[in-house]
Amino acid sequence: ENLTNTLFSSFEADEVTFFADLILPIPVPRLFTYRVPREMAEVLKIGARVIVPFGKNNGRVFTAVVARLHNSPPTNYQARYITEVLDEYPLVTGYQLELFRWMAEYYMCCVGEVMNIALPSGLKISSQSKVQINPDFDYPELLTEFEDTLLTELKKQQALSYDELVRLAGAGTNIPALIKSLVGKKAIIVFEEVREKYIPKMVRKVRLNRTYEEKEQLLALLNRLEKLPKQQEVVMRYLSHVPVQMNASLNQKGLDKTILNQDDTVSQSSLTTLIKNAVFETFELIQPRFSDNAPPQAEIKLTDAQREASQQIMAQFERQNIVLLHGITGSGKTEVYIDLIQQAVGSGSQVLYLLPEIALTTQIVVRLQRVFGDKMGIYHSKFSDNERVEVWKGVVSGQYQFVVGVRSAVFLPFDNLGLIIVDEEHETSYKQHDPAPRYHARDVAIMLAHWQQAKVLLGSATPSLETYHQAKQGRYGLVELFRRFGDATLPNILLIDTKVEKRQKTMKNEFSSALLTALEANMERREQSILFQNRRGYSPYMQCEDCDWTAECPNCAVSLTYHQRAAELRCHYCGHKEEVPRICPVCGSTKVRTIGFGTEKLEDQLQIIFPKSKVLRMDLDTTRAKNAYQQIIQEFEGGEIDILVGTQMITKGLDFDNVSLVGIFDADRLIHFPDFRATERSFQMLTQVSGRAGRRAGRQGTVLIQTNNPQQTILQKIIENDYKGLFDEEIQERQNFNYPPFSRLIKLTVRHADKAVSQQAADRLAAELTDALGSSRILGPEQPLVERIRNLFLFDILIKIERDKVNVKAVKSYIQDRINDILTDKGLRQVSIVIDVDCL
Ligand code: ADP
Ligand code: ZN
Ligand code: ZN
């Protein structure tokens, strides 16, 4: 069926005046009708981009996308003219328009917001654009107050020019420094102003005319050229690079003209003649981005277990659209993916391979490139906008039949997907928090696949409860891979009772004697260790010993984190920074101490305890620069480094040969985090980080977990790698309290600078929702853990909607209506409400 016609129906009558309903990249829940100038009427197509004026006195310019063509003028306003048509052919496919519409409805936001995030800024040309919000940006981040204002502004407008930045910032602000800082924090993307349309880099290539792919024809040709040895020489040269009879598809890809020309003028003119005589043909190709990489490797050799897994997945795809590959860490899931990707690509369909942000910057891309070479596109938030546009165009042109990318890769213009792989499907970074659309890339991928009749493979060593539940219910297929590659065994996990060590006074700072002994032994063996503490900075609190004063953020209800390297106190929610006080600002005491520890402090203590050790730290603070991840990882891989200290960044997908010890700090804090998903999350995180140890055969890894309470059942489950046991217990809890996967959650966060106003709006909203939906479905309003952020008081309302009993669409539209009532209530001015569907 024609998707475009379902909602964005096309207009076919032969009218003179045309109107176009456009998607503008702004958070207004409607399309905008513009007039189509006569000379554009014939060329304008649904899915094409246009440039339009907008706002008072046409003061702004937007790139919009055509959603509908018709001839009924708007009734309540005078339609303005479209200024320019950017695309002769639809840039946005019918599938994408459908996706935008679905996402806006499902995630309760505006189509324009979806479009704004979906299109790389290089495709949203506007006369003033200069910087744009990074679609993969995650809050909370270290932002100064002004940076925060700027991002809020960027969320409203699609982009800001230099002039607008200056106006916003006021005189005296160092704009280049500001931009540099925001780019460093991955909050914005800067792009050059480009008025012209996208012109890909083309290379001229030459190939043998198809008829000469036949053996007889080719022999006849060579015979004929006996009398023209120079021309024959050119053909032979070509054949030495491209043996056409063995590989017609290589011939279709052709050869760079320069290879045949080399430097001699003789072969140049011979080639020209051969082209004129239609022996050779020339054609243009978009310049491949990875052309200088190693040529694709021959096939990978799957282990028996991997081959069996791959075959089972294919077999289950006969009956199921979605299959879960539950494979322990180090089982070689990637090799299974590669096998399946090769099959899908070979059958002519497109493949999308989604990875969490951090995993992608590291080692997997290299492995994939060895196999897929320049057929593979990479879509990544650290890529420049031009690179993103290139991948977009490469998908359209067929250059990239296979794309590996982060969550926003779901927006690429695929039209023939055969397979989508979602690796580490349990990863929460697949969910976008801010700005809208607050989508989950895994769930969007499943919708995409559904529309394009593609298969979805979800992979994880620690699947989300949602996914595993579906598999157990038979709605998804399930394939298990429970052996590590090359007979490596899972690490031996030991619990260190820090209560006992503290009592016996054997702790050295944060380190148990058990961990220190293990670290030392590991260094002596010249093996590497990873230490995990999910908290960055030096210490999370700074407190006066005499009067108990604690350093707090002036804008948020949290303590300030002490960063020793930068010698400042920082708020991890709003970016506020201040100097470190020498004396207590309340009582003047000099006994101001730090409490608790982050990665910086561990790094310091290691240097004191083992002065000769080489330590690296990987957390948000050390990885802001573009290639910082890679550098740290390469350095660690190089083997000179003894210990890598890091936050949850080090838990994801890293594969080091020489790591045989993992140490985990503060496990209790993860386990007791006040959230119904805490048990699931800590199992996932601790299992994943443990999985970094002992990935090579012949050397079992060791994991030491420091805890105050080794009896906790979750720790036992982690030791025994008992995912299924954990699932059985947790799923029972979820069912008892009607949490996902037994319900869907929608979180509404009411925000206002005045606590009373915020509370009033939240109370009213909750009361109205309770009236309509019943009290069992509404939780709150409740102040979140951090009740004030950036000077706004927050109240959360959680709505639980059962999966089958309720008409979800009707509930959502009811919620939206109640929210609109509040937002338009004059008594509740400037209340804002964030809607997060399927919140995590
Ligand atoms: P997982 O993603 O399941 O944790 P990986 O795919 O990273 O595991 O594989 C673990 C390691 O084993 C990698 O270094 C990988 O190169 C290696 N490996 C896995 N399967 C094979 C294979 N069939 N041939 C060669 N090396 C393999
Ligand atoms: Zn004091
Ligand atoms: Zn703050």
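Predicted model: local features only at pLDDT ≥ 70, side-chain atom pairs only at ≥ 80, totals over all residues.

**Helix crossing.** I looked up helix H19 (residues 465-472) against helix H27 (residues 723-736), and their axes come within 11 Å and cross at roughly 100°. H19 and H27 are therefore roughly perpendicular to each other. I then checked who makes the contact: Leu-465, Tyr-468 and His-469 from H19, and Phe-727, Glu-730, Ile-731 and Arg-734 from H27.

**Cores.** The largest nonpolar core holds 144 residues, and Leu-22, Phe-100, Val-403, Leu-419, Ile-420 and Ala-445 have the most contacts inside it. Strand E32 (residues 792-802) gives this core its largest share, seven residues. Another core, of 44 residues, lies apart from it and includes Ile-496, Ile-633, Ile-643 and Met-649.

Which residues is Leu-419 in contact with, leaving aside neighbours within four places in sequence? I found Leu-340, Ile-341, Ala-344, Ser-349, Val-351, Ala-454, Lys-455 and Leu-457.

**Strand E14.** Val-403 made me look at strand E14 (residues 402-405), which is covered on both faces. Phe-402 and Val-404 are buried on one side, Val-403 and Gly-405 on the other. E14 pairs in the parallel sense with strand E12 (residues 350-354) over four bridges, and Val-403 is the bridge partner of Leu-352. Strand E13 (residues 376-379) also pairs with E14 in the parallel sense, over four bridges. There, Gly-405 is the bridge partner of Tyr-379.

**Helix H18.** Ala-445 took me to helix H18 (residues 441-451). I listed its buried residues as Ala-441, Arg-442, Val-444, Ala-445, Leu-448 and Ala-449. They sit on the same side of H18, because they cover an arc of only 160° around the axis.

**Sheets.** I traced an open sheet of five strands, in the order E2-E1-E4-E3-E5, with antiparallel pairing. Strand E2 (32-36) and strand E5 (84-85) are at the edges with a single partner strand each, so one side of each has no neighbour in the sheet. Strand E3 (residues 49-54) and E5 are joined by two bridges, and Val-50 has Val-85 as its bridge partner.

Another open sheet has six strands in the order E18-E28-E27-E19-E26-E25, with parallel pairing. Its edges are strand E18 (492-497) and strand E25 (615-618), each with a single partner strand, so each has one side without a neighbour in the sheet. On average, neighbouring strands here are turned by 20° against each other, direction ignored. Strand E27 (residues 659-664) and strand E28 (residues 702-707) pair over four bridges, with Leu-704 as the bridge partner of Gly-663. Helix H25 (residues 678-690) lies across E18, strand E19 (528-532), E27 and E28, at about 150° to E27.

**A cysteine.** Is Cys-547 buried or exposed? Cys-547 counts as exposed, because it has 12 C-beta neighbours inside 10 Å. I place Cys-547 in the loop between strand E20 (541-544) and strand E21 (561-563). Not counting residues up to four places away in sequence, Cys-547 touches Cys-584, Val-586, Cys-587 and Ser-589.

I came across a cis peptide bond from Asp-434 to Pro-435, with omega near -5°; Pro-435 is in the loop between E15 and H18. The bond from Pro-740 to Pro-741 is cis too, with omega near 10°, and Pro-741 lies in the loop between H27 and strand E29 (743-752). Lys-505, not a glycine, has a positive phi near 55° and counts as exposed with 8 C-beta neighbours inside 10 Å. Asp-838 has a positive phi of about 55°; Asp-838 is found in the segment after strand E33 (832-837) and is partly exposed.

Notes
Residues numbered from 1 in each chain as written. Chains lettered and ligands numbered in written order. Core = buried A, V, L, I, M, F, W, Y, C linked by C-beta atoms within 7 Å. Buried ≥ 20, exposed ≤ 12 C-beta atoms within 10 Å, placed from the backbone. Contact = placed C-beta atoms within 7 Å. Pairing = 2+ DSSP bridges. Arc of directions from axis to C-beta. Axes fitted to C-alpha atoms, helices over the stretch in contact; angles between N-to-C directions. Parallel < 35°, antiparallel > 145°, perpendicular 65-115°, else oblique.
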